[in-house]
Amino acid sequence: MSTEDIDQASFTGCGNSVISATDSTVCRKYFTNGRVKYKLPLLYHFDMRLHATRLTGSSEMHQEESRRVHLLYMKCFDAELKKSILPMSSTKSVPMALREQVVRVHTEAYVDFLFGLQARHMEGPDNEVLRFSPLLVSRMFSPEDKKRYFSANKHNSSATRYSGGSLKAALRSSGAVIRAVEMVMEDQFLQSRVACLVRPPGHHAGPSGFRPSVSSAGFCLVNNVCVGVAEALNKYPGIKIAIVDFDVHHGNGTQDIVDKVFKDEDVVFCSVHLNENIPDDHDLDFFPGTGGYRNDERVLSVPIDPLWSSQKEDGLTSNTSNEATMKRPAPASLTSSSSRKSRKTDATDTPLIGSVHSGSNSVVDDIESSGPDNDVASYPKPLHGRLGFREAFEKQVLPKLKAFGPQLLFISAGFDGSLNDEGCVIENVSGLDLNESDYFWMTELLVKHSGATKVISVLEGGYGRWDATSEMYDLSALSNNYLAHLGALLEKPT
Ligand SMILES: [Zn+2]
């Protein structure tokens, strides 16, 4: 560890105790058995805190706050974890992605837009915080799309924010994934797995940011995972890469990039997520509104029904769910978070003429056209909650990976499917109720049985439970879920 790594670790501005008794229990549970011999590198950088999300002058908390990643980073210095995790946060360890690396997966126009916004700001989290999605639509979308977006977006979906430090945070995050690719591919220190603790998240960012048919950019600016995938494809042509996304929201941006930018590459995308589109009630559609069942050569997309639409017909009594999780939310309760709402997309996939290889490192603008990209087929039976999530992993994702045979596996690791997490709870009504044992189990399954010898984990969502008493997000469950995930990353492959 460099001096700079240690300096950053000593920063305690997040205002939380480093570790609690509960965390120590989790540490003992997931980090003490027989594991691989090396420490798991965990990449993080202070710049990721510079992305401010609370609107200027507002006292309203935003769930995608910098405290979530910094607290997780601090926990890795606990005595129990020091033996297993190698925190790395120096500028040398975690470089920023270069513009030419970002433009491999995003359009020139979108990247110009991001950098142009940056020019408006002085750097630092205290400068003006902008509403990103409406700005993007105003500047880049066609008049017809603008009309469609602003008329449908009656809740003013603008939960994605852009501040003076946002671009730096986003480039540092995607740069961490690029660095992770280098580390696992070159087997540095014999480490074939790396965790990237990054923000803002990335899996909703498609080639042009987001589509006008989706209500928001979902807190994402740059698709961190795809920038890393493009780097691997560029340096190691022909490599077989799988991306598995277990964030509670469909990774619509990643799926778009896989379909359009990686269309000639050996890349497979698997997403298991909550999906509920209630006919004629667009207010209740769960963000981003895409992610119907699809299983073809390139994409596996498995929607899971939320517990609020279930009546325990599938043996959910063994869950940690309480009675409240079985209630369907009232429409009035949905106005608090624009990130949960969208209207169903009516766009289709128009392939781009892009390449991730050097010499042709840009993508052309994608054009929306008619036709569905959702609900391509129906899953044979409805899957509900955490048991449904596990079944999807065991019976859909794992066979897909085994048939494909990836050499490199990226995990879009989102923890917002957790019990009471702000990402999938609506006024105390939970969606999936995943817990730390589920995250350990899913990760272990991937690490042990996917066939990929090199694994990179990249943080997506996961925001904690809103605590009305302290008026803060309680990050305890997020922390435990993340630690369980890290512990599983150290499992030996079979
Ligand atoms: Zn999410």
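The axes of helix α3 (residues 66–75) and helix α14 (residues 476–489) come within 10 Å of each other and cross at roughly 55°. That angle makes α3 oblique to α14, oblique being what is left once angles under 35 degrees (roughly parallel), over 145 (roughly antiparallel) and 65 to 115 (roughly perpendicular) are taken out. Keep in mind that this is a predicted model: local features need pLDDT of at least 70, side-chain atom pairs count only at pLDDT 80 or more, and totals for chains, interfaces and linings use all residues. Residues are numbered from 1 along each chain as its sequence is written.

- Axes here are lines fitted to C-alpha atoms, for helices over the stretch in contact, with angles running from 0 to 180 degrees between N-to-C directions.
- Helices (H or I, at least four residues) and strands (E, at least two) are DSSP runs, numbered from the N terminus.
- α3 passes α14 in a right-handed crossing, meaning the near helix is turned clockwise from the far one by less than a right angle.
- On the α3 side, Arg68, Leu71, Leu72 and Lys75 do the touching, and they meet Leu478, Ser479, Tyr482 and Leu483 of α14; a contact needs C-beta atoms, placed from the backbone, within 7 Å.
- By type, the residues of this contact split into 5 nonpolar, 1 polar and 2 charged (nonpolar: Ala, Val, Leu, Ile, Met, Phe, Trp, Tyr, Cys and Pro; charged: Asp, Glu, Lys and Arg; polar: the others, Gly among them).
- An α-helix has 3.6 residues a turn, so residues three or four places apart point the same way.

**How confident is the model?**

- Mean pLDDT (the predictor's confidence in each residue, from 0 to 100) is 79 for the protein, and 74% of its residues reach 70 or more.
- Residues 1–19 have pLDDT below 50, and this stretch has 27 contacts in the model beyond near neighbours in sequence.
- Residues 311–376 also have pLDDT below 50, with 165 contacts beyond near neighbours in sequence.

**Helix α11, on the inside**

- In α11 (residues 252–260), 9 of the 9 residues are buried, so the helix is largely enclosed by the rest of the structure; buried means 20 or more other C-beta atoms within 10 Å of a residue's own, exposed means 12 or fewer, and partly exposed is in between, with C-beta atoms placed from the backbone.
- Among those buried residues are Asn252, Gln255, Asp256, Asp259 and Lys260.
- They pack against α10 (224–235) and the strands β6 (241–245), β7 (267–274), β9 (299–304) and β10 (408–413).

- Most residues other than glycine have a negative phi, and most peptide bonds are trans.
- The Arg199 to Pro200 peptide bond is cis, with omega near 0°, and Pro200 sits in the loop between β5 (193–196) and α10.
- Phe287 and Pro288 are also joined by a cis peptide bond, omega about 0°; Pro288 is in the loop between β7 and β8 (294–295).
- Asn420 isn't a glycine, yet has a positive phi of about 70°; you'll find Asn420 in the loop between β10 and α13 (436–449), and it counts as buried with 20 C-beta neighbours inside 10 Å.
- Asp433, another non-glycine, has a positive phi of about 65°; Asp433 lies in the loop between β10 and α13 and is buried, with 26 C-beta neighbours inside 10 Å.

**One exposed serine**

- Ser138 lies in helix α7 (residues 132–140) and is exposed, with 11 other C-beta atoms within 10 Å.
- Ser138 and Tyr149 are 11 residues apart in sequence and 9.7 Å apart in space, C-alpha to C-alpha.

Notes. Two residues are in contact if their C-beta atoms, placed from the backbone, lie within 7 Å.
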